[in-house]
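User: I would like to go through some of the labels attached to this model and hear what each of them rests on. Please set the values against the criteria as we go.

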Amino acid sequence: MAGPRLIDTHCHLADAAFDGDRAETLARAAGAGVDHVVVVGESREAAERALALARGERRLSATAGVHPHVASDWSDAIAAWLAETLRDERVVAAGETGLDYHYDHSPRDRQREAFEAQLELAKQAGKPAVVHAREADDDVAAVLRHHPGTVAILHSFSGGDGLLDQGLALGHYVGLSGMVTFKSWRRDEVIRRVPLDRLLIETDSPYLAPVPHRGRRNEPAWAAEVARRVAAVRGIGFDELCEMTTANAIRVFGKRVGSQEVARSE
């Protein structure tokens, strides 16, 4: 009998860190029960690489957007490119977009401009938006309030109660990453408070490798470590947690991310 299946809902598989063993990485993911990987495109270049990967592999889908770090690149031309790219059925979300006031690699007004524009484009495309928030909880919450028609995924969530409350009130999803396994993690109440039908599991590979793989390049196969930790905190079985978060991913991203699961059940 097949074991539990997972979807890694946020992975930078197009990153150069995987250039030497991308096929092997996917094989390890499949062996660990990860049926599908959402490959994040955080810039035009990264999104085009992610889409190229998704064109050749049904177990992959892509996102397309402009990260706050490169929000200074936002322009009418980029907006037109993104609007067109979001029409592709292999692109399941806009983003990674959002606000990052920790590094401030782009001016904050440019970050907000790009963020709001991408939320609107996501709404027009009928797709969710993958949201990055770092030391910008109040402004992220305010922007999300102004775009109630866009479904958001609060990726690798580590923010405060205010942003969590706002996100849940608006019906958004919350992605949990390897951070929940770190010794420094002190936010188990976040894991407990998010409704089970709004939880997503992600790796954010090649970053944030979970325990017991700290110090190594992260990869999609290790989504299972995140799921085990979340299941333990919620007091439910690992299999149940996998089933629920997989259903959530299919609901928010669409049937493409469930293609492997559908194929397995036929």
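User: How many disulfides does the structure hold, and what makes a pair of cysteines count as one?

Analyst: The model is a predicted one, and it holds 0 disulfides. A disulfide requires two cysteine sulfur atoms within 2.5 Å. For Cys11, the nearest cysteine sulfur is that of Cys242, and it is 17 Å away; for Cys242, in turn, the nearest is that of Cys11, again at 17 Å.

User: Why is Cys11 called buried, and why is Cys242?

Analyst: The term applies under 20% relative accessible area. Cys11 has a relative accessibility of 0%, and therefore counts as buried; Cys242 also has a value of 0%, so the label holds for Cys242 as well.

User: Why is Gly167 called buried, and where does it lie?

Analyst: Gly167 lies in helix 6, which spans residues 161-169. Its relative accessible area is 1%, and because the limit is 20%, Gly167 is classed as buried. Leaving aside residues up to four places away in sequence, Gly167 touches Leu154 and His172.

User: What makes strand 1 and strand 8 edge strands?

Analyst: They belong to an open sheet of 8 strands, ordered 1-2-3-4-5-6-7-8 with parallel pairing. Strand 1 (6-11) and strand 8 (199-201) each pair on one side only, and are the edge strands on that ground. From one strand to the next, the twist averages 30°.

User: How do you know that strand 1 and strand 2 pair?

Analyst: Pairing requires at least two bridges between the strands, and strand 1 and strand 2 (residues 34-39) have 4 bridges, in the parallel sense. Leu6 stands opposite Val34 in strand 2.

User: What describes the packing of helix 4 with helix 5, and which residues make the contact?

Analyst: The axes of helix 4 (residues 108-125) and helix 5 (residues 137-145) come within 10 Å and cross at roughly 35°, and the crossing is right-handed. On the helix 4 side the contact is made by Arg112, Phe115, Glu116 and Leu119, and on the helix 5 side by Asp139, Val140, Val143 and Leu144. By class, this contact has 5 nonpolar residues, 3 charged ones and no polar ones.

User: Which strands does helix 2 lie across?

Analyst: Helix 2 (residues 44-55) lies across strand 2, strand 3 (60-64) and strand 4 (91-100), and runs at about 160° to strand 3.

Note on methods: Residues are numbered from 1 along each chain as its sequence is written. This is a predicted model: local features need pLDDT of at least 70, side-chain atom pairs count only at pLDDT 80 or more; totals for chains, interfaces and linings use all residues. Side-chain values use heavy atoms; hydrogens and water are left out. Axes are lines fitted to C-alpha atoms, for helices over the stretch in contact, and angles run from 0 to 180 degrees between N-to-C directions. Helices (H or I, at least four residues) and strands (E, at least two) are DSSP runs, numbered from the N terminus. A crossing is left-handed if the near helix is turned anticlockwise from the far one by less than a right angle, and right-handed if clockwise. Contact means heavy atoms within 4.5 Å. Ala, Val, Leu, Ile, Met, Phe, Trp, Tyr, Cys and Pro count as nonpolar, Asp, Glu, Lys and Arg as charged, and the others, Gly among them, as polar. Buried means under 20% relative accessible area, exposed over 50%, partly exposed in between (1.4 Å probe, protein chains only).
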